[in-house]
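Q: How should I read this model? Please take me through its main features, one at a time.

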Amino acid sequence: MDDYDVSIQEQVFHNAVREYIISLLLFILLYVSSYVIICQFKRKVDSEDMYAGQEDAIVYRISLWLCTFTLAVSAAAVMLLPISIVSNEVLHLYPKSYYVKWLNSSLINGLWNQVFLFSNSALFILMPFAYFFTEAEGFSGSKKGVMARVKETTIVLILLAILVLGLAFVASALINDDQNSKKTLFDMWNIYLPYLYSCISFLGVLVLLLCTPVGFARLFTVMAQLVVKPKLFRDIDEELCTARLEGENIVRKIQYRNTAPCQIANGHPNLELLQDQLKEAKSEIQELEKRQQVSSLRRNLVFPIVMLLLLALTVFSVLLVAHNTLLLLVGIKALPRGAKDAVIGISSLSAFGPVGAVVEILLIFYIMSASVVGLYSLPGFRHLQPKDHDTAMVKIIANCVIILILSSALPILTKTLGITNFDLIGNFGSMDWLGNFYIIFTYNLIFAVCTALCLVTKFTHTVRSEIYDRLITAFRREKRTVSFSVSSTMNGGLKEE
């Protein structure tokens with residue numbers, strides 16, 4: 001009996017170590033990828049070697065690490081459902097295979113719990129610390145340095161936590177006025193943070209409701225700019241000729257300005273502006289030359305295939321949401337309340353087996369891409385869109401917070417809309433509002449209607465603009481005719497008098 005207990009303990013220990021190593025390797029991969037992405041957008045003047053003092057370099061380096069950690073957690077939240085769906089299908093197809101024994105329910109449950117923990121830590125501790133740390137200068141009268149900034153940032157965070165705790169306490173007391181609910185708010189780890197995270201996730205789901213339908217329509221424009229269009233839609237030779245003529249014109253202006261600087265009148269573009277325009281013209285010429293070298297087969301096939309793929313994914317998403325809405329209305333579909341622990345590999349999540357699982361994964365990534373594109377298309381978030389090597393650290397922090405909120409709400413969104421049948425694990429499915437039928441049904445209905453309206457508006461924009469221009473032209477022509485006839489009548493009456 002003792003030997004049996006020892007073997008069980010060894011097996012549990014080995015499983016825990018294996019899960020820890022797998023999670024660590026996955027996090028390192030995501031962290032390195034996130035660091036490369038942030039360095040691509042980070043402003044060059046924010047680099048450590050550009051600062052006069054070592055203190056500022058340390059501050060921005062720490063903030064960069066915290067932003068990288070947050071972006072890695074966001075990527076992990078996006079990957080939760082795809083990894084879980086793939087693991088379920090693999091274990092369902094090969095339940096007795098020795099090579100997939102490490103892929104078990106304990107690993108998946110651990111990943112969900114770790115992502116939830118890191119999301120809370122990044123959202124409520126690390127990102128506020130990074131923002132206040134970059135803005136801190138130390139208290140007046142104290143010795144300047146990194147530790148002075150750390151002390152100021154810590155005190156500000158403590159005051160902010162007390163303020164948020166008090167507001168949450170008052171809100172909970174007003175909504176549910178009983179002694180038990182008031183006491184539970186003092187349980188910081190088990191009640192307070194999940195309660196706050198439930199509010200944040202609900203806010204993220206609402207933001208996704210706004211930006212995802214817009215992103216579905218916006219993605220067609222974005223992909224049309226990235227993919228080489230056929231000559232039927234775009235004449236690259238004509239654009240290249242125009243760009244070269246504009247470049248030559250800018251070169252002549254620069255030469256004339258260098259040879260006769262005293263004869264240049266006020267109001268003309270200065271030399272620096274002309275050089276910037278010349279640089280943009282050269283980059284545009286290089287881009288058009290690359291597109292010109294694309295083979296005709298690729299030019300005529302890739303664009304239609306990409307547009308049809310986007311249209312198919314969007315229409316299929318809308319049909320799934322409409323189907324889920326009808327099932328909710330009839331009462332066949334259960335509300336998206338999650339399970340504390342999940343057992344994977346028992347059955348396939350889709351009626352179509354692995355093919356259906358692949359489609360679900362594609363839809364999840366497609367919805368996340370559309371959400372990000374739609375977010376930066378909204379009026380209030382356009383100024384936050386990062387630029388290559390020209391994004392300040394404060395903007396990077398704001399973008400990391402927004403992406404974290406959206407990615408943490410993505411599993412809830414896909415489960416709410418019926419995109420996947422995989423249950424939400426751990427605290428992701430413990431939100432109280434997930435058990436409210438009216439919220440879930442209304443959300444599905446609004447999402448389907450908004451997506452359909454955005455697509456109809458997108459594809460009928462050209463026709464509507466043409467009809468509007470024709471009507472305006474006809475109205476103006478009719479107005480001029482009536483005015484001319486009235487003036488002719490008046491002139492005729494004056495002549496008779």
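**Reading the fold**

A: Start with burial across the chain. Of the 497 residues of the protein chain, 37% count as buried. Keep in mind that this is a predicted model.

Q: How many helices and strands does the protein chain have?
A: Count the elements, then read their order. The protein chain has 13 helices and 0 strands. From the N terminus on, the elements run α-α-α-α-α-α-α-α-α-α-α-α-α.

Q: What share of the contacts joins residues 24 or more positions apart?
A: Look at sequence separation. Among contacts in the protein chain with a separation of 6 or more, 80% come from residues 24 or more positions apart.

Q: How do I read a helix such as H2, and what span should its 40 residues have?
A: Compare the expected span with the distance between the ends. At 1.5 Å a residue, the 40 residues of H2 should span 58 Å. The end C-alpha atoms of H2 are 56 Å apart, which agrees.

Q: Where does H2 bend?
A: Find the residue, then look for a proline. H2 bends by about 40° at Met 79. A proline, Pro 82, follows within four residues.

Q: What do the span and the kink look like in H11?
A: Apply the two checks again. The 24 residues of H11 should span 34 Å at 1.5 Å a residue, and its end C-alpha atoms are 34 Å apart, which agrees. H11 has a kink of about 40° at Leu 410, shortly before the proline Pro 411.

Q: How much space lies in the largest pocket?
A: Take the volume, then the lining. The largest pocket holds about 900 Å³ of space. It is lined by 29 residues, and the closest to its centre are Ile 37, Phe 41, Val 372, Tyr 376 and Ile 403.

Q: Which helices supply the lining of the largest pocket, and of what classes are its residues?
A: Trace the lining back to its elements. H1, H2, H6, H10 and H11 each supply at least two residues. H1 gives the most, with 6 residues. By class, the lining has 18 nonpolar, 9 polar and 2 charged residues.

Q: How many cavities of 30 Å³ or more are there, and what lines the largest cavity?
A: Treat a cavity as you did the pocket. The count comes to 1 cavity of 30 Å³ or more. About 40 Å³ of space lies in the largest cavity. Its lining includes Asn 324, Leu 328, Lys 333, Lys 415 and Ile 440. H9 and H11 are the elements that give two or more residues to this lining. By class, the lining divides into 5 nonpolar, 2 polar and 2 charged residues.

Q: Is Ser 317 buried or exposed?
A: Ser 317 lies in helix H9. At 1% relative accessibility, Ser 317 counts as buried. Beyond four places away in sequence, Ser 317 touches Leu 363 and Tyr 366.

Q: Where does Phe 381 lie, and what does it touch?
A: Phe 381 lies in the loop between H10 and H11. At 26% relative accessibility, Phe 381 counts as partly exposed. Leaving out residues up to four places away in sequence, Phe 381 touches Leu 375, Tyr 376 and Ile 402.

Conventions. Residues are numbered from 1 along each chain as its sequence is written. This is a predicted model: local features need pLDDT of at least 70, side-chain atom pairs count only at pLDDT 80 or more; totals for chains, interfaces and linings use all residues. Side-chain values use heavy atoms; hydrogens and water are left out. On a 1 Å grid over the protein atoms alone, a cavity is a set of points where a 1.4 Å probe fits but cannot get out, and a pocket is an open set with protein on both sides within 12 Å along at least five of seven lines; lining residues have an atom within 4 Å of a point. Grid points are joined across faces, edges and corners, and a volume is the space filled by probe spheres set on the points. Ala, Val, Leu, Ile, Met, Phe, Trp, Tyr, Cys and Pro count as nonpolar, Asp, Glu, Lys and Arg as charged, and the others, Gly among them, as polar. Buried means under 20% relative accessible area, exposed over 50%, partly exposed in between (1.4 Å probe, protein chains only). Contact means heavy atoms within 4.5 Å. The expected span of a helix is 1.5 Å times one less than its number of residues. The bend at a residue is the angle between axes fitted to the seven residues ending there and the seven starting there.
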